[in-house]
Amino acid sequence: MSLLIKNGRIITAEHDYTADIFIEKEKITTIGVSLDIAADTIINAAGKLVIPGGIDVHTHLDLPSGGTTSSDNFETGTRAAAFGGTTSLIDFATQSKGKKMRTALDTWWAKAEGKATIDYGFHMIVTDLPEADIEDLGGMVREGVTSFKLFMAYPNVLMADDAMIYRTMKYASQKGALVAMHAENGGVIDLLVQQALAEGKTDPIYHCLTRPTTSEGEAVNRTIALSQMAGVPVYIVHVTSNDALEKIAEARDRGLPVFAETCPQYLYLSLDDMHKPGFEDAKLVFSPPLREKWNQDKLWGGVKNNTVQIVSTDHCPFNFHTQKQLGLGNFTKIPNGGPGIEHRMQLMYDGVNNKRISLNRWVEVTSTNPAKMFGMFPQKGTIAPGTDADIVIWDQEKECVISAATHHMAVDYSMYEGKKIKGNAETVISRGEVIVDNDAFLGKAGRGKFIKRSTYGSTWQ
Ligand code: URP
Ligand code: ZN
Ligand code: ZN
């Protein structure tokens, strides 16, 4: 099957020009002005933007957590992602303490196979790494799982101590893998949580108030120091605060290979959105938590000036009416996480509308940098001959109102209910196949392929 996209305004991280794109056998083969090539399908993209498909490198689909399981599986989650213009994602396979990484990877493969509608890769969350198992990391890298997430939070469940962090970093660097860090000081947070509960402070807002920004800043600082000692690049996930940002900016000024991501919820929501009546605040319980509003400007600044390279979602949805209710009367029992996989491209495009970032930077932080950072470039993340034909035709005029009543995520609330955005995906193409045409989903469950990723920095400089 061949496809010709005519007259679109092609936006990549670097370029902005009008041309035609010819696609055959899942790849872009030719780009040029007024291409005269016969094609099975022709799409007229005049007046529209043509961008590389979005890449969300931080999702938790079908994740067992807090006595329940995140409500989007690989079928519903990838379908919702596609509607929003995301054509690849990297989910987190999670090693259970005392179990092998191999078991986690097989489990996550089984979750995705036959379900995913877009291409997917995995990071591995390492929770346990006895010296005897260190070579298991090398095994993961050979299978295309070239990044590992560690937690400085959630003692006894996910948290790694400094020795384990250092050991993982050292070994990961030898194998060309990237270490991603959830940076919050879990030990101190645990004490603050116990103190709050003892004082009868059980409402969802105390989830936020027991996780101060200084605990994020401290953990980011420690991550940077450990990575410097181990001599490895490090990627700080879901950065939320100026405390963290300052440490990252300072390390980057010193020339250290320190990278960061933030997520739309931290750019658009704040503590001002909490303090709702009843149990409503549980909808916005995730970690790290929402911060004081002034941090948003700092984060947008970081996205613009490259202190932050990537915007992902940390999509980890739980239904309000059933799952979040597990924490009624005790905020520590609220499953941590929120839905966002569908609206990342739109919310970041709103940043273009509001002059926070340029069109090129929009593409860079939502597609190109994710592909580069995680060993998928140039197969993914750009529009060029020879690359996968993952393309979104974006209508800058198409208005939408975000709502749980109309979204495609399998979750009963939206974090952005009622928010109006001008600009939306119109046609979404994954490896040359149109999978979204306006409101119609044309992709099939199981069509998504596993992305065997390269090692860090091996495919770009
Ligand atoms: O609350 C969150 N973010 N849940 C997902 C797991 C994580 O820490 O990324
Ligand atoms: Zn995390
Ligand atoms: Zn996460």
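Guide: What follows is a short talk through a predicted model, beginning with the ligand.

Visitor: Okay, where does ligand 1 sit?
Guide: Ligand 1 is placed in the largest pocket.

Visitor: What do the oxygen atoms of ligand 1 come up against, in terms of polar backbone atoms?
Guide: An oxygen atom of ligand 1 is 2.8 Å from a polar backbone atom of Ser287, and an oxygen atom of the ligand is 3.5 Å from a polar backbone atom of Gly337. On the side-chain side, there is a distance of 3.3 Å between an oxygen atom of ligand 1 and an N or O atom of His58.

Visitor: How much of ligand 1 does the protein bury?
Guide: The protein buries 95% of the 270 Å² that ligand 1 exposes when taken alone.

Visitor: Switching topic, what does the domain assignment give for the chain?
Guide: The assignment gives domain 1, made up of 2–51 + 381–398 + 422–441, and domain 2, covering 53–373. Their centres, taken over C-alpha atoms, are separated by 31 Å.

Visitor: How many residues of each are in contact?
Guide: In domain 1, 28 residues are in contact with 24 residues of domain 2.

Note on methods:
Residues numbered from 1 in each chain as written. Chains lettered and ligands numbered in written order. Predicted model: local features only at pLDDT ≥ 70, side-chain atom pairs only at ≥ 80, totals over all residues. Heavy atoms only, no water. Polar contact = N/O pair within 3.5 Å; in protein donor to acceptor, adjacent residues only side chain to side chain. Areas by Shrake-Rupley, 256 points an atom, 1.4 Å probe, with all protein chains shown as cover. 1 Å grid on protein atoms, 1.4 Å probe; cavity = no way out; pocket = protein on both sides within 12 Å on 5 of 7 lines; lining within 4 Å. Sits in = over half its atoms within 2 Å of the grid points. Domains from an automatic or database assignment. Contact = heavy atoms within 4.5 Å.
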